[in-house]
Amino acid sequence: MDSLSAAGPHSDGQLPAGVNPEGYRVLIVEDNPHIIEMYAYVLKKLASGELAGKVPLEVHFAPDGHHALALLHEQRFSLVMTDLYMPVMDGFALVERIREEEKLKTIPIIAISAGGKEAQDRAMQLGVDIFLRKPVRFVEVLETVKQLLRIGK
């Protein structure tokens, strides 16, 4: 686990519009360390930008769907960002399991994959909220995360 921002005192007592004062916990499910670095950087920017260090933004990582499910059963998450093609348990199976479980099924899911239209259609049918095609742009990931966490609304 890597915590990207800690809640700190804020001078005016005002939180940015739409920000959850309890903070956010994001789970990134990805087996490529370079892509993990990029997502972590995006979330760090969000933590220091819109959230301005005023609310916590924790980021947790899992290398596959099996590890992700274990984390999802241990803690509450605000958002899951998952690759679709991974070893052990792929993102399709993970999404399916999340959507089947009462306790987990309302968590927003972003699927980010190099897979084509077939992968996108399958992911959307399984219940993914947003599908982004790799290679993704920094701003695309940032805006999607803000949208699903309802930051700045």
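## Helix H5

Helix H5 is built from twelve residues and spans 17 Å from its first C-alpha to its last, close to the 16 Å expected at 1.5 Å a residue. The structure described here is a predicted model. Several residues of H5 are buried, namely Val141, Leu142, Thr144, Val145, Lys146, Leu148 and Leu149. The cover over the buried residues of H5 includes S2, H1, S4, S5 and S6.

Just after H5 comes Arg150, with a positive phi of about 55°. Arg150 has this positive phi although it is not a glycine. The residue is found in the segment after H5. Arg150 counts as exposed because its relative accessible area is 57%, and the cut-off for exposed is over 50%.

## The chain as a whole

The chain contains five helices and six strands. Read from the N terminus, its elements follow the order β-β-α-β-α-β-α-β-α-β-α. The chain has 153 residues, and 44% of them are buried. Among the contacts with a separation of 6 or more, 70% are between residues 24 or more positions apart.

How high is the mean pLDDT of the chain? The mean is 86, and 85% of the residues reach 70 or more. Confidence is highest in helix H3 (residues 91-100), at a mean of 97, and lowest in strand S1 (residues 2-5), at 42. The pLDDT is below 50 over residues 1-12, a stretch that has 30 contacts in the model beyond near neighbours in sequence.

Val145 is placed in helix H5, which covers residues 138-149. Is Val145 buried or exposed? Val145 has a relative accessible area of 1%, so it is buried. Leaving aside neighbours within four places in sequence, Val145 touches Leu43, Leu46, Leu79, Met81 and Ile110.

In soluble globular proteins, nonpolar side chains tend to be buried together. Here the largest nonpolar core has 25 residues, and Leu43, Met81 and Val145 have the most contacts inside it. Two or more residues of this core come from each of strand S2 (24-29), H1, strand S3 (57-62), strand S4 (79-82), strand S5 (109-113), strand S6 (130-133) and H5. Another core, of 24 residues, lies apart from it and includes Val29, Leu94, Leu104 and Ala119.

## Aromatic rings

A pair of aromatic rings is described by the distance of the centres and the angle of the planes. The model has two aromatic pairs. Tyr41 and Phe138 make up a tilted pair, with 5.6 Å from centre to centre and 55° between the planes. Tyr41 belongs to helix H1 (residues 33-48) and Phe138 to helix H5, so this pair ties together parts that are 97 residues apart in sequence. Tyr41 is partly exposed, at 45% relative accessibility, and Phe138 is partly exposed at 31%.

The rings of Tyr85 and Phe92 form an edge-to-face pair, because their planes stand at 75°, where the cut-off is over 60. Their centres are 5.5 Å apart. Tyr85 is partly exposed, with a relative accessible area of 46%, whereas Phe92 is buried, at 1%. Arg122 lies over the face of Phe92, 4.0 Å from the ring centre.

## Ser113

Ser113 is part of strand S5. Its relative accessibility is 0%, so Ser113 counts as buried. Which residues are in contact with Ser113, leaving aside its neighbours within four places in sequence? They are Asp83, Leu84, Tyr85, Phe131, Leu132, Arg133 and Lys134. Tyr85, in this list, is also a member of the edge-to-face pair.

## Backbone details in the loops

Lys134, another contact of Ser113, is joined to Pro135 by a cis peptide bond, with omega about 0°. Pro135 is located in the loop between S6 and H5.

Val88 has a positive phi, near 65°, in a residue other than glycine. Val88 is in the loop between S4 and H3. With 69% relative accessibility, Val88 counts as exposed.

Terms used
Residues are numbered from 1 along each chain as its sequence is written. This is a predicted model: local features need pLDDT of at least 70, side-chain atom pairs count only at pLDDT 80 or more; totals for chains, interfaces and linings use all residues. Side-chain values use heavy atoms; hydrogens and water are left out. Helices (H or I, at least four residues) and strands (E, at least two) are DSSP runs, numbered from the N terminus. Buried means under 20% relative accessible area, exposed over 50%, partly exposed in between (1.4 Å probe, protein chains only). Contact means heavy atoms within 4.5 Å. Rings of Phe, Tyr and Trp (its six-membered ring) pair if their centres lie within 6.5 Å; planes under 30 degrees apart count as stacked, over 60 as edge-to-face and the rest as tilted. A charge sits over a ring if NZ of Lys or CZ of Arg is within 6 Å of the ring centre and within 35 degrees of the ring normal. A nonpolar core is a set of buried Ala, Val, Leu, Ile, Met, Phe, Trp, Tyr and Cys residues joined through side-chain atoms within 4.5 Å. pLDDT is the predictor's confidence in each residue, from 0 to 100. The expected span of a helix is 1.5 Å times one less than its number of residues.
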